[in-house]
Amino acid sequence: MAKSQAEFPVAEEFSVTRITDHVWFLRRLRALFAHVESPGVLAAAYPAPPPGDEVSSEKTWRQWRVQAFLMNAEVRYSFYLRLLRKWVLKSKPDKSNISNSNSNSNINDGNGKGDGWADEWPLPPWDVAIMFYIHMLSPKRFQKDMKVEYRELWDVSISFPLARLKQHPCNDEASQHKWEAAFPEIPYQLFDFKSDGETPYLSTSIRRALDVRGYKCASANCAGMTRRNKSQIIPMAEWSAYRLAKRRPPSCPSCKTAFMSSQAAKNSEFARCCEAVFGQHVLGLWDAPLRQTAFVKRILAETATATALDPAWVGAHQARYFKFLGLIQRHPSTTFVPTIDIDLVWHTHQLSPAAYDAYCRAHVGRPVNHDDTIAAPGRSTALFDTKHLWALDYQELFLDPDPEGKMAAVRTAMANAVAALAARRAEMEDQLAEFERENNTEMLRAKATRTMQRERVEANRQTALGREEQQLLSELARARRARDGVRASIRIRFGTARLWQWYSPGRRAERACREAAVAEVEENLRAKRDEMRAQASVAAEAHTKSEKATRQYKGALGERARLKAKLEASVANAEAAVRCQSVDHADQLRGTPLGKRMLSVVPSEAQVMLAPIAGDWEPERRRERMNPVKSWGTRTSSYHSWFWRPDREGGGSFGSLAFGSDTTGGGRGGGCDGGGGGG
């Protein structure tokens, strides 16, 4: 039986406070993107674009700055996870304390109210926080990556520190000290804030802030240099081209050699390169934040008022989130699309990955994945299914029920259609029950089962008699051989004919005894064959009765199936009437199939992203044909660019992580972001 709404309890991981802090973080995230898109006089501080004429307009310059910002944050995120794992291993928190902290929400909420262990772990820099945040919005992928690469973080139920970031809106000096102690050559914060504490800007005190740092060359050419084991700065244009599989790995700025490996490890050369030059793998996340920008803008627009996040407002959306989970539970093979209010609660819940996983297993019955990479046609179908099943299961509209007072007629029509649907379902149950009473299919099934069992018993008995007959035939053959083995004392033959023979008294008695044994076996054989003929008649009769009972049962089942199909067609028509008279009619009155305000979905078009900027590297390839680049790694030879294998490299999104594709889609009982193709 499906859970009722009351059986989905409110958890601390998506409480009013946690949701409010989440919205605050989204405002900070949007402010960072706004500066990167339009930095004003600081545009010159951003990395130079790749060669070619791809970056030639303000739009493409904006796209390039965002791409450079996210690709750099992707690399820095791997350093942060490494720092976090090192800190966890060094601190070695007691498991009982972790359990207590979880119960007090110190780890999962990061609210800093207690003296829990989670109040001390280093906070991410703001650009890294975006990657940390976006990684958690793919629960299945995050759990897999943590268990494969950072098991210690999953074991301590790491979560996104919303409250602590809000307590340190510009910078946390303690976290900065931990970062600088671990990575002294990599700056902690790349962005400063103006005096209002709300407006970020790229730090002017850091040279080449968005070029890639942390690159360490292990080439023998660097062995005698002072830069040995010191991190290098890789131009973002070179790194992004390699990241997009358009260029060979970047060269060391000091010795001008590039990493090259022919040794199998993980499943891509990109993973091997990152492990060699950075000391850890880089997860493919750089373009995932772009798919959330439309959602962030909509949430911030709808929560701009002071009363938008009051407890009553949040409670209503938590209730809709529970209904959404109920749909996922009852329809495990369907993908659903959440409205913005549900998505806000859902995203907040996912920011505590271990708690989210436990909650779904306990209350939904299985893990629930979240995927924002489903293509527009799939999202359109998912939105249709969501609106339809929501109306059928809850007898209410999924998208803004009555934002402008236009839906009174729709509600009346829905009530009538739902009543008609209930009547059709009741009629189907009544007619099927009446059919059962008249035809008693259960009795026919039992009779067919009994006659089939009787048929098998009689057939087995006939088979056993056949085996006994074979045994008697073998015994008769042995008795005859024994009888014929008693030879006469005197035999008179003429040629081959036996004219006369005489037995001695002893042999005559022996032969008579063996003749009697043969006669006894022959009599037993005749009796057994008579028994077999009688059993054959019984088995044939049992077979006839079994066939008759089976035909009756199958005939009744066929009649019931035809009746059920007819009744189900009537129910399907009634369900279609509910959709047409409520969902479709409401969409027409509303003027959009995507809803309005918080009870709406993000259109598919809002999630369509431009192709990334890679540049034109053909001139460099021509130069490398004349002067091959030296390489280091497991292959120590000249590195010609025409040997480059882009198909072996890592990709750029959740669809191409270093550890393989995330091809689960909405998944079994999952959900996706984004609405249908309309609007």
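Visitor: Why is Pro353 called buried?

Guide: This is a predicted model, so keep that in mind. Buried means under 20% relative accessible area. Pro353 has a relative accessible area of 7%. Pro353 is therefore buried.

Visitor: Where is Pro353 placed?

Guide: Pro353 is in helix α14, which covers residues 353–363.

Visitor: Which residues is Pro353 in contact with, leaving aside its neighbours within four places in sequence?

Guide: Met136, Phe142, Trp154, Ile158 and Ser159. Contact here means heavy atoms within 4.5 Å. Met136 is 217 residues apart from Pro353 along the chain, yet their C-alpha atoms are separated by 6.7 Å.

Visitor: What share of the contacts in the protein chain with a separation of 6 or more comes from residues 24 or more positions apart?

Guide: Such residues account for 78% of those contacts.

Visitor: What makes α12 and α13 roughly perpendicular?

Guide: Two packed helices are described by the angle between their axes and the distance between the axes. The axes of α12 (residues 311–330) and α13 (residues 340–350) cross at roughly 80 degrees. They come within 8 Å. Angles of 65 to 115 degrees count as roughly perpendicular. The two helices are therefore roughly perpendicular to each other.

Visitor: Which residues make that contact?

Guide: From α12 come Trp313, His317, Gln318, Arg320, Tyr321 and Phe324. From α13 come Asp341, Ile342, Leu344, Val345, Trp346 and His349. By class, the contact has 7 nonpolar, 3 polar and 2 charged residues.

Visitor: What makes the aromatic pair of Trp390 and Phe398 tilted?

Guide: Take distance, then angle. Ring centres must lie within 6.5 Å to pair. Trp390 and Phe398 are 4.9 Å apart, centre to centre. Planes under 30 degrees apart count as stacked, over 60 as edge-to-face, and the rest as tilted. The angle between these planes is 55 degrees. The pair is tilted.

Visitor: How do you know whether Trp390 and Phe398 are buried or exposed?

Guide: The cut-off for buried is under 20% relative accessible area. Trp390 is at 0% relative accessibility, so Trp390 counts as buried. Phe398 has a relative accessible area of 2%, so Phe398 is buried too.

Visitor: How many aromatic pairs does this rule give?

Guide: The count comes to 28. Among them is the tilted pair of Tyr321 and Phe322, with 6.2 Å centre to centre and 40 degrees between the planes. Both of these residues are buried. There is also an aromatic cluster formed by Trp24, Phe25, Tyr77, Tyr80, Trp126, Phe132, Tyr133, Phe160 and Phe193.

Visitor: Why does Asn440 count as partly exposed?

Guide: Partly exposed lies between under 20% for buried and over 50% for exposed. Asn440 is at 31% relative accessibility, so Asn440 counts as partly exposed. Asn440 lies in the loop between α16 (408–439) and α17 (441–484). Its phi is positive, about 45 degrees, although Asn440 is not a glycine.

Visitor: What is the phi of Ser157?

Guide: Positive, at about 55 degrees, although Ser157 is not a glycine. Ser157 is in the loop between α6 (151–155) and α7 (162–167).

Visitor: And why is Ser157 called buried?

Guide: Its relative accessible area is 13%. The cut-off is under 20%. Ser157 is therefore buried.

Visitor: What percentage of the 679 residues in the protein chain is buried?

Guide: Buried residues make up 50%.

Note on methods: Residues numbered from 1 in each chain as written. Predicted model: local features only at pLDDT ≥ 70, side-chain atom pairs only at ≥ 80, totals over all residues. Heavy atoms only, no water. Axes fitted to C-alpha atoms, helices over the stretch in contact; angles between N-to-C directions. Helix = DSSP H or I, 4+ residues; strand = E, 2+ residues; numbered from the N terminus. Parallel < 35°, antiparallel > 145°, perpendicular 65-115°, else oblique. Nonpolar A, V, L, I, M, F, W, Y, C, P; charged D, E, K, R; others polar. Buried < 20%, exposed > 50% of the residue type's maximum accessible area, 1.4 Å probe, protein only. Phe/Tyr/Trp six-rings, centres within 6.5 Å; stacked < 30°, edge-to-face > 60°.
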